[in-house]
Amino acid sequence: FIVAYRKPDEEENGKMTVAYKLFSFESGQVNNVTRNVYLLSKFGQSYKQIEAKLPTPFYWKTVALPNDKILAFYPDGKAALFDSEAKINWNGIFKFEGEGVCDIAFSGKHFWCVYEGGKCVIRLNPTNMKEEIRIGGKTSKFGEPVSLFCEGDYTYVCDKEKCCIWRIDQNTYHVEEYLNFDEPVLKFIKIDEFCLVQLASGIYKL
C-alpha cells in the first residue's frame with residue numbers, strides 16, 4: 001500500500017512538501033516512490049487525464065469500482081464518476097444537513113457514506129445516488145465517524161471520538177463494536193489477510 005505524507009519542517013516557496021512511500025507486505029520493505037506511482041494507485045491507469053479534470057487533485061478521495069471506474073469526491077461534497085477512459089459519467093454533491101461526506105465505500109452493491117457531524121452512515125442506490133438507508137443520527141452511539149471500509153456483508157466505521165471501529169451488518173443493519181483502541185481511529189482497511197489501522201499516532205498492522 002502507498003501513503004502520502006507531509007515532510008516535517010520542509011517547505012518550498014511557502015508550500016508544504018509531500019512525499020510518498022510504498023509498503024510491501026511481501027518483502028517487509030518501505031521504499032520512496034514518485035508522485036506518478038501514487039496517482040496511479042489513486043486514480044488508475046487514466047490518472048493523468050483524471051488529475052487534469054480535478055482542481056487540487058491531492059485532496060480528492062477515490063473509490064475504485066468495477067470496470068475500472070473511479071468515483072472521486074472532495075471534502076465539500078463535490079463528486080464525479082469517471083469511466084475507464086476518464087470521461088465523466090456523472091457528477092453531483094454528497095451532503096447531509098449541509099455537511100460534505102467524510103468517506104465513501106462500495107460494497108459491491110451499494111455506496112456507503114459517512115458524515116462526521118451528522119453522526120450517521122447512509123447507504124446510497126448506485127444507480128441514482130439516492131439515499132436508501134440511514135443508520136445513526138445526532139442521538140446515536142456514534143461519536144465522530146470519519147471513515148468506512150466494506151468487506152463481505154459488513155461495513156466497518158472508524159470513530160475518532162469513541163476510539164473504536166464499529167461493524168454494521170449490511171443485511172440486518174445491526175451495529176456493534178468491533179475493535180477498541182486507546183486513541184482516535186482514523187482509518188481501517190483489509191488487504192488480503194492483513195488488517196491495517198490508522199490511529200492518531202500512526203499506521204499499524206493488526
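Reader: Among contacts in the protein chain between residues at least 6 apart in sequence, what percentage join residues at least 24 apart?
Author: The model is predicted: local features need pLDDT of at least 70 and side-chain atom pairs count only at pLDDT 80 or more, while totals for chains, interfaces and linings use all residues. Residues are numbered from 1 along each chain as its sequence is written, and side-chain values use heavy atoms, with hydrogens and water left out. Contact means heavy atoms within 4.5 Å. Among contacts between residues at least 6 apart in sequence, those joining residues at least 24 apart make up 29%.

Reader: How many helices and strands are there in the protein chain?
Author: Both kinds of element are DSSP runs numbered from the N terminus, helices (H or I) having at least four residues and strands (E) at least two. Counted in this way, the protein chain contains 2 helices and 20 strands.

Reader: What is the radius of gyration of the protein chain?
Author: The C-alpha trace spans about 45 × 40 × 35 Å along its principal axes. The radius of gyration is taken over C-alpha atoms, and the globule rule is 2.2 Å times the number of residues to the power 0.38. For 206 residues a compact globule would have a value near 17 Å, and the protein chain agrees with this, at 17 Å.

Reader: Of the 206 residues of the protein chain, what percentage count as buried?
Author: Buried means under 20% relative accessible area, exposed means over 50%, and partly exposed lies in between (1.4 Å probe, protein chains only). By this rule, the buried part of the 206 residues is 40%.

Reader: How far apart do the centres of the positive and negative side chains lie?
Author: Lys and Arg count as positive and Asp and Glu as negative, with His and the chain ends not counted. Each charge is placed at NZ of Lys, CZ of Arg, CG of Asp or CD of Glu. The chain has 26 positive and 28 negative side chains, and the distance between the centres of the two sets is 5 Å.

Reader: Which residues touch the most other members of the largest nonpolar core?
Author: A nonpolar core is a set of buried Ala, Val, Leu, Ile, Met, Phe, Trp, Tyr and Cys residues joined through side-chain atoms within 4.5 Å. In soluble globular proteins, nonpolar side chains tend to be buried together. The largest core here has 17 residues, and those touching the most other members are Leu71, Phe94, Val101, Ile104, Phe111 and Tyr115.

Reader: Which strands each supply at least two residues of this core?
Author: The core in question is the largest nonpolar one, with 17 residues. The strands that each contribute at least two residues to this core are E4 (61–65), E5 (69–73), E6 (78–82), E11 (111–115) and E12 (120–124).

Reader: Is Leu148 buried or exposed?
Author: Leu148 belongs to strand E14 (residues 145–151). Apart from neighbours within four places in sequence, Leu148 contacts residues including Ile104, Trp112, Val121 and Tyr156. Because its relative accessibility is 4%, Leu148 counts as buried.

Reader: Which residues does Glu51 touch, not counting residues up to four places away in sequence?
Author: Glu51 sits in helix H2 (residues 47–53). Its relative accessible area is 19%, so Glu51 is buried. Beyond four places in sequence, the residues touched by Glu51 are Arg35, Leu39 and Pro57.

Reader: Which residues does Ser46 touch, not counting residues up to four places away in sequence?
Author: Ser46 occupies the loop between helix H1 (35–43) and H2. With a relative accessible area of 11%, Ser46 is buried. Residues up to four places away aside, Ser46 touches Ser84, Glu85 and Ala86.

Reader: What is the phi of Thr56?
Author: Thr56 is placed in the loop between H2 and E4. Its relative accessibility is 42%, so Thr56 counts as partly exposed. The phi of Thr56 is positive in a residue other than glycine, with a value near 45°.

Reader: Is Thr127 buried or exposed?
Author: Thr127 lies in the loop between E12 and strand E13 (131–136). Thr127 and His110 are 17 residues apart in sequence, and their C-alpha atoms are 9.0 Å apart in space. Because its relative accessibility is 73%, Thr127 counts as exposed.
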